[in-house]
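Trainee: I would like to learn how to read helix packing and strand pairing in a model. Please take me through some cases.

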Amino acid sequence: MNFKDRIIRATGKRTPFRLIAVDLTSTMNEIGAYHGAKGYALKLLAENSIASIFLSASLKFPGTVTFSTTFGGEITKIQSDSTPMGLVRAMMPQDELLAIGANEPALVPQNISVIKLDEQGKRIHESIIEAASVSMGQNLAYYLLQSEQIRSAVGIEARFNREKPAKLDYAAGFYIEAFPDLEERDIAILEQIVLNLPKFPELYKAEGFDLDELLDQLRGPYDIDIVREIDPKAYCPCSHERMVATLATLKTADLEDLAKEGKDLEVICDFCRTKYTITSADLNEIIKERNQP
């Protein structure tokens with residue numbers, strides 16, 4: 001059995017539907033460690049990231065999907081970015097994360113936002129809907145139906161370890177997409193398959209989450225082709241140059257004031273928590289480029 005993190009993409013051999021099964025446990029434990037996330041905060045980060053992974057797996061081109069959930073309550077926002085190759089990063093406001101610790105936050109889901117970028121970073125799709133549920137799987141299925149007219153069934157669940165809340169026992173999910181020409185008889189069969197699936201905790205074993213068993217249960221009576229299997233990875237493209245470019249969005253007068261102080265600025269990436277030092281020389285270089293004719 002294979003208990004490592006995987007993204008498995010499959011299609012029906014003779015029946016027009018698509019399956020995706022994901023185990024993101026180790027990857028999200030790594031991302032959670034960047035943030036010092038634990039308990040429910042870690043669970044929410046993981047479930048939001050799996051939703052992003054499902055959408056990016058559907059891209060027909062290299063690009064990025066940003067999946068964001070906004071809340072009313074002790075957490076205001078969670079954002080996850082992912083690519084078709086399984087690269088993923090995630091964040092929530094650090095002060096909010098530290099404030100709730102491992103406790104269950106008071107939350108009212110408000111909106112789901114999806115942004116799709118092509119490989120040049122050009123925005124090709126943007127949609128915002130009201131969150132339909134506290135369930136991330138239901139929210140993603142609702143988004144797909146409302147914004148992309150896709151009929152789907154989605155299950156997403158992460159569980160943190162009660163004794164060690166900074167560690168996830170599992171973070172996994174499934175996605176079934178009915179292609180437009182799928183017959184109603186087959187839709188009814190797939191719906192029954194989803195209803196009869198074992199609960200996620202039943203698929204968790206001492207070695208890890210049994211993704212192969214989940215996929216086997218999902219296929220039901222249908223033959224499927226495994227199109228691709230990908231190892232997901234935590235990845236953040238931040239760099240010193242990118243951080244300097246972010247500061248370049250400030251007004252020239254503000255940059256000049258900062259440069260005059262002669263102090264180094266410490267900037268922290270919201271996603272991987274890497275610290276970057278921006279010097280007055282960096283600021284003066286931005287100002288110099290602006291003043292060039």
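Mentor: This is a predicted model. Two packed helices are described by the angle between their axes and the distance between the axes. Here helix α2 (residues 39-56) packs with helix α4 (residues 136-148) at an angle of about 30 degrees, and their axes are 10 Å apart. Angles under 35 degrees count as roughly parallel, so α2 is roughly parallel to α4.

Trainee: Which residues in α2 and α4 meet?

Mentor: From α2 there are Glu47, Asn48, Ala51, Phe54 and Leu55, and they meet Met136, Leu140, Tyr143 and Leu144 of α4. By class, that contact has 7 nonpolar, 1 polar and 1 charged residues. The crossing of α2 and α4 is right-handed.

Trainee: At what angle do the axes of α1 and α2 cross?

Mentor: Helix α1 (residues 25-35) and α2 cross at roughly 130 degrees, with axes that come within 10 Å. That angle makes α1 oblique to α2. This crossing, too, is right-handed. Met28, Asn29 and Gly32 in α1 meet Leu42, Leu45, Ala46 and Ser49 in α2. The contact of α1 with α2 has 4 nonpolar, 3 polar and no charged residues.

Trainee: Turning to strands, how many bridges join β14 to β15?

Mentor: In a regular strand the side chains alternate between the two faces of the sheet. Strands β14 (residues 265-268) and β15 (residues 275-278) run antiparallel and are joined by 4 bridges. Glu266 stands opposite Thr277 in β15.

Trainee: What lies between β14 and β15?

Mentor: The two strands form a hairpin with 6 residues between them. In the turn, Arg273 has a positive phi of about 65 degrees.

Key. Residues numbered from 1 in each chain as written. Predicted model: local features only at pLDDT ≥ 70, side-chain atom pairs only at ≥ 80, totals over all residues. Heavy atoms only, no water. Pairing = 2+ DSSP bridges. Axes fitted to C-alpha atoms, helices over the stretch in contact; angles between N-to-C directions. Parallel < 35°, antiparallel > 145°, perpendicular 65-115°, else oblique. Left-handed = near helix turned anticlockwise from the far one by under 90°. Contact = heavy atoms within 4.5 Å. Nonpolar A, V, L, I, M, F, W, Y, C, P; charged D, E, K, R; others polar.
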